[in-house]
Amino acid sequence: MRYQSAYHYSGVRGVNCEPPQARSAWIIAPKHSRFRQITAIDVAKFILIVAGFLLFLVGVAHYFTARDVKGWEQREVTITRADVVRIPYKDGVPVFTANIEYSYIENGLVITGNQLSLSKMRFKSPGKVKKEIAAYSVGRTVLAHVSPNRSGKAFLNIIPKKYLYSLIAPGLLLMVISLMISQIQLLKKMRSDRKAWRFGEFEAPVLQPAMVMAR
């Protein structure tokens with residue numbers, strides 16, 4: 001059985017309701033997808049989360065390596081060199097580091113080492129470098145962590161907790177800041193949508209009649 005339409009309703013705000021010729025069901029017509037414009041805040045969020053993730057990974061790697069080195073056998077070594085040197089760096093900014101050398105006896109041989117810690121120190125002030133190596137003056141005997149498996153591999157100053165505060169914590173902080181910015185953007189978007197819906201400015205999907213032929 002077919003029904004003739006009694007009238008034609010043109011619809012409101014672009015909603016076109018054609019008279020059905022058979023049984024009809026309402027469906028949501030898909031709108032054309034548009035790429036959202038990338039803003040400076042989106043770029044900043046991306047940079048923050050990538051930088052934070054890299055800092056976190058490097059910090060975790062250094063932390064567990066430092067824990068392993070902390071368990072190495074300690075031996076007495078003699079400092080043979082402790083200088084402040086300038087190293088080339090980008091943008092022509094002067095950067096200073098320490099040139100440390102020490103020696104110890106292993107299996108009757110004199111072994112020379114030059115590692116102060118896992119990461120090489122870099123400061124813009126030579127005074128800070130002098131302060132860091134003040135305890136390692138030439139001729140002084142100090143304890144060093146010596147590798148049991150690799151000859152000549154040794155470190156003077158190993159502090160695992162240092163990497164928690166200098167790398168891991170800043171990395172986590174950057175990632176949290178990025179997530180907080182995303183959450184603020186989401187809350188603003190939700191508030192804007194609620195306001196638009198309340199005042200009739202919300203762009204709802206257009207309803208189109210789907211024709212289903214009666215059996």
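This is a predicted model: local features need pLDDT of at least 70, side-chain atom pairs count only at pLDDT 80 or more; totals for chains, interfaces and linings use all residues.
1. His145 has a relative accessible area of 5%, and because the cut-off for buried is under 20%, His145 counts as buried.

2. What surrounds His145? Beyond its neighbours within four places in sequence, His145 is in contact with Val69, Lys70, Trp72, Glu73 and Gln74, and also with Lys153, Ala154, Phe155, Leu156 and Ile158.

3. Helix H3 deserves a look too. H3 runs over residues 160–198, 39 residues in total, and spans 56 Å from first C-alpha to last, close to the 57 Å expected at 1.5 Å a residue. Where does H3 bend? The bend, of about 30°, is at Ile168, with the proline Pro170 following within four residues.

4. Ile168 is also among the buried residues of H3, together with Pro160, Tyr163, Leu167, Gly171, Met175, Ser178 and Ala196. Helix H1 (40–70) is included in what covers the buried residues of H3.

5. Now for the whole chain. The protein chain holds 3 helices and 7 strands, arranged along the sequence as β-α-β-β-β-α-β-β-α-β. Among contacts with a separation of 6 or more, 70% come from residues 24 or more positions apart.

6. Finally, the surface: 22% of the 215 residues count as buried, and the protein chain exposes about 16,300 Å², with carbon and sulfur atoms supplying 59% of that area.

Key:
Residues are numbered from 1 along each chain as its sequence is written. Side-chain values use heavy atoms; hydrogens and water are left out. Buried means under 20% relative accessible area, exposed over 50%, partly exposed in between (1.4 Å probe, protein chains only). Contact means heavy atoms within 4.5 Å. Helices (H or I, at least four residues) and strands (E, at least two) are DSSP runs, numbered from the N terminus. The expected span of a helix is 1.5 Å times one less than its number of residues. The bend at a residue is the angle between axes fitted to the seven residues ending there and the seven starting there. Accessible areas come from the Shrake-Rupley method with a 1.4 Å probe; for residues, only the protein chains shown count as cover.
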